[in-house]
Amino acid sequence: MELGARRVTTERTDDGSFEALFTAEYARVAGIANRVLMDQHEAEDVAQEVFIDFHRLHSASAQYAPAWLHRAAAHAALNRLRGSKRRQRREVAQATQESDRTVDPQKLFEVSEDRRQVRQALARMAPKPAAVLVLRASGLSYAEVAQALGVGIGQVGTLLRRAEAALRKEVTSGTSL
Amino acid sequence: MVDEPDAHGGVDARHLESCADCKARYTTVSGDARAISSLLTAPELKVDIASAFNRVRTAPAARPRFGLRLPMMRPGSRPLVLAFATAVAAIALVATAIAQDSNTFTPQTLTPVPVTLADMESLSQLSAYGTISWTKQPQPQVVTSAAEANTISGLPVPKVAALPTGVSSTVTYAAMGQATAVFTFSKDKAAAAAAQAGTTLPALPSGLEGAQLTVTVGPAVAEIYGNITKPSSGSDITQASLPQLIVGETTAPVATSSQVTVVQFENSLLALPGISPELKAAIKAIGDPSTTLPVPIPVQFGTSSSVTIQGTIQGLALGDNTGVGAGVIWIKNGVVYGVVGTIKRDDAVNVANQLT
């Protein structure tokens, strides 16, 4: 009886911790995925899968929880970006969305084309530099990026600079930059 | 200095003012940063956290199976993962099925046992013949640093001296503490299972009814190079990104039994309906079972042969040099080590030889 009561209490505590973690991190995790996928529905889909994976394997009170979630969101979204069929569908949808919002078709076309190319280039990049760019662009601090990727904080600046240079080189020739 | 306000002062800033080279680099770097920042802008996301949480909460939860599996992987869906799982960590069930004369079993050497996936499935379906419970649940965790993996497992994380060509240096760590499973044999359940298979139970040793087989596995730690991600949709493994190299380390599994010896348990289990004659023959062919850990090698994984690791340790090499998949397994001081991946056999041996 006592054991049963203790188990229930433990489960409740863990559920409570998971809900708190979800509430604190969901918007950010979805934001990271959205930065890559540019699609709210897909981004939330990725974010929820990431939380489900986390909950299945980890304690919600683990110190590394946010870092794990951030990294997993970046990698899962980048991986999804690499799926060609989904990418084609997204690009069509994206172009439609953009054309609804903008009044200057030429400018809109350029913006849309730039974004399409930068995401294609992201998908081609090695996972780590791509993740650095995505996490930093999603507003994570250097310390948070370092924790998410398991690197020293002193390395983040260098990783970021190299990744930015590589990505810009990759896309500059074909964009309106 | 480009996007870190705290860096805009002191010696570095003064140097920048007076150094043309650094100024030029700063201009390039800040140009890159601005361009990328602009390209990576995304429409603001408005999320409904409460309904998202409800969706996640009602998602079906995965329960640990009798047998270990690596996180973020679907058992049975990926031959390489299955090979790793069988070769390095998930050897508990077969380890218990080894003939020996005492009630305790701790392996010292390795013997390959070719099995089919169907054989392994039948071993994992022991719940039809009794009750399986975990007295200590396996809690594999994925962490981002070797230090965390060490904290969880208590094992020193192996260090790879040099990665084979083509293997990504992106590394993830998986770790778990000790886990203990207890299988309690039930004659009634076994009889029902036999009846369902259209046969009857063979003669069983007295005392087998209610006898318990306790298997302790782990702790374990693994370094996973390359990205492990689920398929973006469904379970199509061609959509999955498989790890390129896994270096694992786990304490050798220990099996004990009550009421009957482990050898009696093993013989009885092997005689149950559903176990293939090939597996039975392979296990019975083991020379000195009291000190031998059989490594089940899925037949799809190819060949196996003896290999000497680190000059003196007898190990087992799996696979070939085609690069499709290969691995090396050895036991050192009661710890089972494994190097497995989509690499050549020679590369796996090199990694094993230089592991510290």
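Is the crossing of H2(A) and H3(B) left-handed or right-handed? The crossing of these two helices is right-handed, a term for the near helix being turned clockwise from the far one by less than a right angle, with anticlockwise being left-handed.

This is a predicted model, in which local features need pLDDT of at least 70, side-chain atom pairs count only at pLDDT 80 or more, and totals for chains, interfaces and linings use all residues. Residues are numbered from 1 along each chain as its sequence is written, while chains are lettered from A and ligands numbered from 1 in the order in which they are written.

Here are the two helix pairs, with helices being DSSP runs (H or I, at least four residues) numbered from the N terminus, and angles running from 0 to 180 degrees between N-to-C directions of axes fitted to C-alpha atoms over the stretch in contact.

| Pair | Axes come within | Crossing angle |
|---|---|---|
| H2(A) and H3(A) | 9 Å | roughly 130 degrees |
| H2(A) and H3(B) | 10 Å | roughly 50 degrees |

Within chain A, H2(A) passes H3(A) in a right-handed crossing. Residues meeting there include A:Val46 and A:Phe54 in H2(A) and A:Trp68 and A:Leu69 in H3(A).

Between the chains, 46 residues of chain A are in contact with 35 residues of chain B.

Notes
Two residues are in contact if their C-beta atoms, placed from the backbone, lie within 7 Å.
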